[in-house]
Amino acid sequence: PICPNGSDSCQVSLGDLFDRAVKLSHYIHSLSAEIFNEFDERYAQGRGFIAKAVNSCHTSSLTTPEDKEQAQQIHHEDLLNLVLSVLRSWNDPLLHLVSEVQRIKEVPDTILWKAVEIEAQNKRLLEGMERIVGRVHPADLGNEVYSRWPGLPALQLADEDSRLFAFYNLLHCLRRDSHKIDNYLKLLKCRLIHDSNC
Amino acid sequence: RYIQLRSGQPPGKPEILRCRSPEKETFTCWWKPGSDGGLPTNYTLLYNKEGERRYYECPDYTTAGPNSCYFDKKHTSLWITYNFTVKAINEMGSTVSDPYYVDVANIVQPDPPENLSLQFEKKVYGEYLLLNWDPPSLGDVKSGWLTLEYELHIKPEEGQEWEKIFVGQRTTYKMFSVNPGERYIAQVRCRSDHGSWSEWSPQSFIKLQK
Amino acid sequence: RYIQLRSGQPPGKPEILRCRSPEKETFTCWWKPGSDGGLPTNYTLLYNKEGERRYYECPDYTTAGPNSCYFDKKHTSLWITYNFTVKAINEMGSTVSDPYYVDVANIVQPDPPENLSLQFEKKVYGEYLLLNWDPPSLGDVKSGWLTLEYELHIKPEEGQEWEKIFVGQRTTYKMFSVNPGERYIAQVRCRSDHGSWSEWSPQSFIKLQK
């Protein structure tokens, strides 16, 4: 057909890009919450991991808004870049999560499948966000800010308790960061596409 | 002269029951006192925030009623872990609860949806029951900070089981398979981003003509 | 000595017919060749991506059968518009199709729903035909990623016209107005939020007792 959405420059509109990004971030967060809960129920009961999983996310060096006011005060370009940085910071750990999680004793398929799906969809969302930032503020695409993940050795520790804690902590941080990304994108979509009137 | 024998015991161990945020902007925690040892006993809620060593005390013991602590916007941060303990103190001693860890992002339970209405519609493409409702007034849906998903319960009045229908983020629903002359009951609830479901809204009714 | 007169014509203009994604993760495009001018003719599908000048060639001409191009997950992007052309080439020359634009999110046509079952139920509040079905299994339709809506066709066996009922995201339906002793036929189809309807599922039957 002629241009599918009628725009002369034949592009996917910014509104559609945001719709798809939000649907994807919502989906990734729901998977992240499910994989965390499933792992917690199966491997973490009574081990007190929650007390140790404090101040331990590799993305904590990225200063992100922690409430509605902060999120609304930050300029949308900065918030978009923050989302990009958090997403980029997860590329490497998600890749290793997929390979390392298979080594956990009697790991159920549902955890395996979710790890694979989250890794694939996170990459897809990153591609989408790069397209959105490219539209909103092209100059920004150059600088690739992200947090390096030092956690691979911990996922391969011989001591089972320590190794399980490393997985627990990674999934705890994944649930947290995927929720941040989902929340910020929904806010940005309402602000940029619906003039804060969703 | 009298020897005053002090009677009473140190307080029993209090227990933090749960915390809830209705709109991801404020939150409240509740605890259950242990035994008071037969003496007047006071309770103090202390907490520290992830990344900080410093301890804080509950900012507001009253707004949310007895044995509770209310955190207004100024005291509420998301995506960080709060570590709470409650200390019970009386003349004979004190006892501290087990620690209770909370990330406000994971304790969101909205208020129920409001203004659920049912009306019967006849259109060329079919007859159906049209259900409409509003998000809870407490919570900022407009800005996108709070995104809600809804679930409906519908059944004929004498029906035993509710028919449960997940409708995603929409606030209207058309129910096609309706039985003329029947009286229907409906209620709706909501949740935010995989948090817990709200309570059900009050029930709404409609009596369909024959 | 012989003068070899070459016979044959340049190929006719091919036409890109349609593209389809069953689950928003992969997609396939088909084209219709023009005349081959009486000569062996080859076809090449070329495309460029929104915002890029560079041209790419079809990654897989075989998986989806003749005159088709299949794009696996690695080659499928939700974030861009694709611009396709097909070039027909033979000894006498070549011809290029008109450009064909595709946005993958808008070409989703799921496979039909599966396991449609009908059963008759008698409850205190009424008798009805209960229809149940499953989403298509292809592409592992994952709730939350691909939101499907369903539409039913139901009619008595001798009935001329199908009754068409849109049931939204549900995978069950109760049909109240049924005649004892009648034989009913039903089928169901589905679509994703922006896409086109799937084919109808195979028909299912039920014969109601008198």
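Helices (H or I, at least four residues) and strands (E, at least two) are DSSP runs, numbered from the N terminus. The model is predicted, so local features need pLDDT of at least 70 and side-chain atom pairs count only at pLDDT 80 or more, while totals for chains, interfaces and linings use all residues. Residues are numbered from 1 along each chain as its sequence is written, chains are lettered from A and ligands numbered from 1 in the order written, and side-chain values use heavy atoms, with hydrogens and water left out.

Cavities were examined on a 1 Å grid over the protein atoms alone. A cavity is a set of points where a 1.4 Å probe fits but cannot get out; lining residues have an atom within 4 Å of a point. Grid points are joined across faces, edges and corners, and a volume is the space filled by probe spheres set on the points. Two cavities of 30 Å³ or more were counted.

The largest cavity has a volume of about 80 Å³. Its lining includes Trp90(A), Asn122(A) and Asp177(A). Helices α1, α4 (76-101), α5 (109-136) and α7 of chain A each give at least two residues to this lining. The largest share, four residues, comes from α7(A). By class, six lining residues are nonpolar, three polar and one charged. Here Ala, Val, Leu, Ile, Met, Phe, Trp, Tyr, Cys and Pro count as nonpolar, Asp, Glu, Lys and Arg as charged, and the others, Gly among them, as polar.

The second largest cavity has a volume of about 60 Å³. Residues of chains B and C line this cavity, among them Tyr184(B), Lys174(C) and Phe176(C). Strand β11 (residues 148-156) of chain B supplies the largest share, three residues. The lining divides into six nonpolar, one polar and four charged residues.

Chains A and B are in contact (heavy atoms within 4.5 Å). The contact takes 30 residues from chain A and 25 residues from chain B. The buried area, the accessible area (1.4 Å probe) that two parts lose on being put together, summed over both, is about 2,500 Å². Carbon and sulfur atoms give 52% of that area. Five salt bridges link the two chains. Each is a side-chain nitrogen of Lys or Arg within 4 Å of a carboxyl oxygen of Asp or Glu. One of them joins Lys68(A) and Glu25(B) (3.3 Å, N to O). On the side of chain B that touches chain A, seven residues are nonpolar, nine polar and nine charged.

Conventions:
1 Å grid on protein atoms, 1.4 Å probe; cavity = no way out; pocket = protein on both sides within 12 Å on 5 of 7 lines; lining within 4 Å.
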